[in-house]
Amino acid sequence: MPGPNSIDEFKSNFHGGTRRNRFSINGSINGDANLTTFHAYAFTLPAVGIGEIPVDYRGRRVYIPGDRDYPQWTLTILDDSSGPGSEIYHAFQEWQRQINDHTENSSETGASANRQQWTIQHLDYEGAVTLKEFELKGCWPVNVGAISLAAGARDELVTFDVTVRYDYLNYSPAVQSPSNGGPIG
């Protein structure tokens with residue numbers, strides 16, 4: 001009989017895990033209906049936190065739950081040379097320019113315009129079922145990162161980072177299986 005720490009016990013209770021390379025991001029870039037799905041290369045799922053309020057009492061510190069805090073979120077995007085997706089770097093640059101122009105130091109859109117909703121999905125092994133879903137509300141690009149070019153670089157694709165700020169997020173856990181009411185994945 002295998003013990004509680006045996007490899008057989010682990011294998012019978014582990015169902016394959018989730019994969020880091022199964023995800024999708026959907027959201028308009030600068031309100032462009034043609035740029036709603038793009039080739040994100042790498043990112044972490046957004047952090048979710050609650051601040052804390054320290055209160056000193058007789059030489060001890062007590063922490064009271066504070067307000068929600070939504071940190072900036074950075075993703076790495078594959079640059080593409082032609083076809084759908086090739087205009088993505090330009091689209092992010094244009095989005096920033098409309099928020100605050102390089103030469104005029106003015107906004108075409110106003111402070112609250114051009115904020116978008118993005119949906120990030122962590123998918124199951126087959127890419128058919130959403131395991132986790134984050135809806136980022138009020139996204140806009142804080143930083144469009146540099147593109148690094150080098151004459152000696154071989155067998156590498158060009159990527160660039162984009163850091164977005166968002167107002168808040170909605171999180172949805174794993175989709176429920178209709179057969180047993182349990183999570184899929």
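# Close-up views of a predicted model

**View 1. Thr 119 is part of strand E6.** The model is predicted: local features need pLDDT of at least 70, side-chain atom pairs count only at pLDDT 80 or more, and totals for chains, interfaces and linings use all residues. Residues are numbered from 1 along each chain as its sequence is written, and side-chain values use heavy atoms, with hydrogens and water left out. Strands are DSSP runs of E with at least two residues, helices are DSSP runs of H or I with at least four, and the numbering starts from the N terminus. Thr 119 counts as buried because its relative accessible area is 16%; the cut-offs, with a 1.4 Å probe and protein chains only, are under 20% for buried, over 50% for exposed, and in between for partly exposed. Who does Thr 119 touch, leaving aside neighbours within four places in sequence? Its contacts are Ser 24, Ile 25, Asn 26, Glu 133, Phe 134 and Glu 135, where contact means heavy atoms within 4.5 Å.

View 2. Gln 121 has 18% relative accessibility, so it counts as buried. Its side chain meets that of Glu 133 in a polar contact of 2.8 Å. For a polar contact, a pair of N or O atoms must be within 3.5 Å; within protein, one has to be able to donate a hydrogen and the other to accept it, and residues adjacent in sequence count only if both atoms are side-chain atoms. If you skip residues up to four places away in sequence, Gln 121 touches Arg 22, Phe 23, Ser 24, Asn 26, Thr 130, Lys 132 and Glu 133.

**View 3. Phe 23 belongs to strand E1, residues 23-27.** With a relative accessible area of 27%, Phe 23 is partly exposed. Not counting residues up to four places away in sequence, Phe 23 touches Ala 40, Tyr 41, Phe 43, Gln 121 and Leu 123. How far apart in space are Phe 23 and Glu 133, C-alpha to C-alpha? The gap is 9.7 Å, although 110 residues separate them in sequence. As for Arg 22, it lies over the face of Tyr 125, 4.9 Å from the ring centre. A charge sits over a ring if NZ of Lys or CZ of Arg is within 6 Å of the ring centre and within 35 degrees of the ring normal.

**View 4. Here we look at aromatic pairs.** Rings of Phe, Tyr and Trp (its six-membered ring) pair if their centres lie within 6.5 Å; planes under 30 degrees apart are stacked, over 60 edge-to-face, and the rest tilted. That rule gives a count of 11 aromatic pairs. One of them is Phe 10 with Phe 14, stacked at 5.2 Å centre to centre with 15° between the planes. Phe 10 has a relative accessible area of 48%, so it is partly exposed, and at 45% Phe 14 counts as partly exposed too. Phe 134 and Tyr 171 make a tilted pair, 5.0 Å centre to centre with 50° between the planes. Because Phe 134 lies in strand E7 and Tyr 171 in strand E9 (residues 168-172), this pair ties together parts that are 37 residues apart in sequence. Phe 134 is buried at 6% relative accessibility, while Tyr 171 is partly exposed at 44%. There is also one aromatic cluster, formed by Phe 23, Phe 43, Trp 73, Tyr 89, Phe 92, Trp 95, Trp 118 and Phe 160.

**View 5. Helix H2 spans residues 88-99.** Which residues of H2 are buried? They are Ile 88, Ala 91, Phe 92, Trp 95 and Gln 98. Down the axis of H2, these buried residues fall within an arc of 125°, so they line one face of the helix; the arc uses the directions from the helix axis to the C-beta atoms. An α-helix has 3.6 residues a turn, so residues three or four places apart point the same way. The cover over the buried residues of H2 includes strands E5 (73-78), E6, E7 (130-144) and E8 (159-165).

View 6. Arg 58 counts as exposed because its relative accessibility is 75%.

Key
The expected span of a helix is 1.5 Å times one less than its number of residues.
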